[in-house]
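Try each task before reading its solution.

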Amino acid sequence: MLRFLTAGESHGKGLVTIIDNFPAGVKIDEDFINDKLRLRQSGYGRGARQKIETDKIEFLSGVRGGLTTGSPISFFIKNKDYENWRDRMDPYKSVPEESKIHTPRPGHADFAGSIKFGLDDIRNVLERSSARETASRVAVGAICQILLKNFGIEFASAVLNIGGVGVEADEISGEKKKKGSELNSDPFALNLIDLFDEVISRNIKNSELRMLYSEHEEKAKAFIDKMKAEGDTVGGLITAQVKGVPVGLGSFTQWDEKLDAQIAMSVMSIQAIKSVEIGAGVKSAYLKGSECHDSIYCGSSGSFYRKTDNAGGIEGGMSNGEIISVTCAMKPIPTLMKPYLDTVDLNTCEAKKAFLERSDVCAVPAASIVVESAVAFSICYFFLKKFGGDGFAEIKRNYDGYCKNENKN
Ligand code: EPS
């Protein structure tokens with residue numbers, strides 16, 4: 001079973017990650033991983049911290065001569081900022097009373113985390129619950145993508161809107177209808193915005209916000225500037241897609257074997273994510289059965305296909321060969337730059353304003369890379385479960401055999 005663990009604090013020495021049960025013989029492309037790490041650090045609206053860091057993966061084990069060995073892969077990502085926090089983050093030095101934090105920020109892990117662990121300094125919670133940890137997850141997702149690329153499985157992600165500015169939830173279906181109109185004989189069916197479309201994918205790449213359309217980007221940037229001036233923060237809507245997934249990853253046989261359930265857990269566990277939808281998601285509730293479900297066809301080559309993808313590529317907890325599509329909402333970051341939110345001192349019960357700390361006004365573009373990575377891990381987990389083997393050649397044989405004999409797709 002593919003699994004990983006992360007450790008590390010936001011202003012500690014760095015992040016340590018262990019990936020277990022990753023097969024041997026996979027050629028590791030370090031540039032691909034570092035490129036994803038760079039993308040996670042970028043995006044309009046980020047704070048000063050990203051000017052300090054240049055995230056790079058440093059393998060500690062499990063990779064030799066450019067290939068995975070089958071042993072646990074471990075890697076380190078350095079926090080350059082540690083040098084500025086040594087006095088407060090040193091493993092041995094005691095923390096001076098005046099630098100301890102007792103006022104939890106609403107919306108953060110501060111409140112429940114410090115009560116749960118009986119801590120008298122909220123910094124112990126915020127350091128670990130920080131989204132800095134997502135650098136580890138992006139590297140894990142990139143390693144999974146490297147394996148899956150060999151089987152024609154591709155990933156994409158984008159920002160749909162920033163605080164509602166951009167493609168709105170309702171509009172997505174409008175776009176889908178427009179885009180699918182030539183292809184689609186069913187007037188009610190919703191087609192996905194195809195993130196793999198040449199124009200769309202170029203737009204995303206060229207956008208500082210990883211948005212689909214430049215006219216949205218200018219408005220969204222202006223909105224971020226406004227939020228910054230007001231000392232506030234803003235969230236947004238993110239989408240990720242996967243193409244080339246064979247039919248039958250995941251299973252209908254047990255609740256925790258379902259691909260959509262595992263994707264939802266993986267994505268929901270990302271800091272600040274508040275909803276996860278697959279395909280038409282919430283909109284499915286407003287459609288009739290005849291409008292919602294994606295009719296099945298067989299092409300001249302004998303391969304199955306659909307004209308719509310409301311199911312988001314997953315039916316009965318299994319991939320159905322269509323594009324897998326995930327949409328999720330990110331809430332605004334709870335660390336604000338102005339004292340808007342009320343809180344209390346956990347020691348004295350005194351009414352206070354939530355403490356202010358350097359933060360990002362908007363980290364939605366960064367989070368879109370994290371979402372893509374979380375989905376990549378879930379797909380890889382089920383890919384290895386289905387085609388599993390200890391080495392790349394064995395997995396390839398299993399995959400080729402399945403695709404040739406059991407699946408016309
Ligand atoms: C974060 C606050 C900011 C972000 C950080 C997550 O850090 P700092 O407090 O040092 O300014 O930049 O994210 C990262 C460091 C990162 O690499 O994503 C928080 O409170 O969650």
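The exercises below go from the whole chain to a sheet and then to a cavity.

This is a predicted model, in which local features need pLDDT of at least 70, side-chain atom pairs count only at pLDDT 80 or more, and totals for chains, interfaces and linings use all residues. Residues are numbered from 1 along each chain as its sequence is written, and side-chain values use heavy atoms, without hydrogens and water.

**Exercise 1.** Find how the radius of gyration of the protein chain agrees with that of a compact globule.

*Solution.* Start with the rule, taken over C-alpha atoms: 2.2 Å times the number of residues to the power 0.38. For 409 residues this gives a value near 22 Å, and the protein chain has 22 Å, which agrees. Next, look at burial: 51% of the residues count as buried (under 20% relative accessible area, 1.4 Å probe, protein chains only).

**Exercise 2.** Work out which strands stand at the edges of the five-stranded open sheet.

*Solution.* First write down the order, 8-7-9-15-10, with antiparallel pairing. Strands are DSSP runs of E with at least two residues, numbered from the N terminus, and two of them pair if DSSP finds at least two bridges between them. Strand 8 (165-166) and strand 10 (273-278) each have a single partner strand, so one side of each lacks a neighbour in the sheet. Asn161, for example, has Leu237 of strand 9 as its bridge partner.

**Exercise 3.** Classify the residues that line the largest cavity.

*Solution.* List the lining, which includes Arg105, Lys338, Tyr340 and Phe355; lining residues have an atom within 4 Å of a point, on a 1 Å grid over the protein atoms alone, where a 1.4 Å probe fits but cannot get out. Then sort by class: eight are nonpolar (Ala, Val, Leu, Ile, Met, Phe, Trp, Tyr, Cys and Pro), none polar and two charged (Asp, Glu, Lys and Arg).

Methods. On a 1 Å grid over the protein atoms alone, a cavity is a set of points where a 1.4 Å probe fits but cannot get out, and a pocket is an open set with protein on both sides within 12 Å along at least five of seven lines; lining residues have an atom within 4 Å of a point. Helices (H or I, at least four residues) and strands (E, at least two) are DSSP runs, numbered from the N terminus. Buried means under 20% relative accessible area, exposed over 50%, partly exposed in between (1.4 Å probe, protein chains only).
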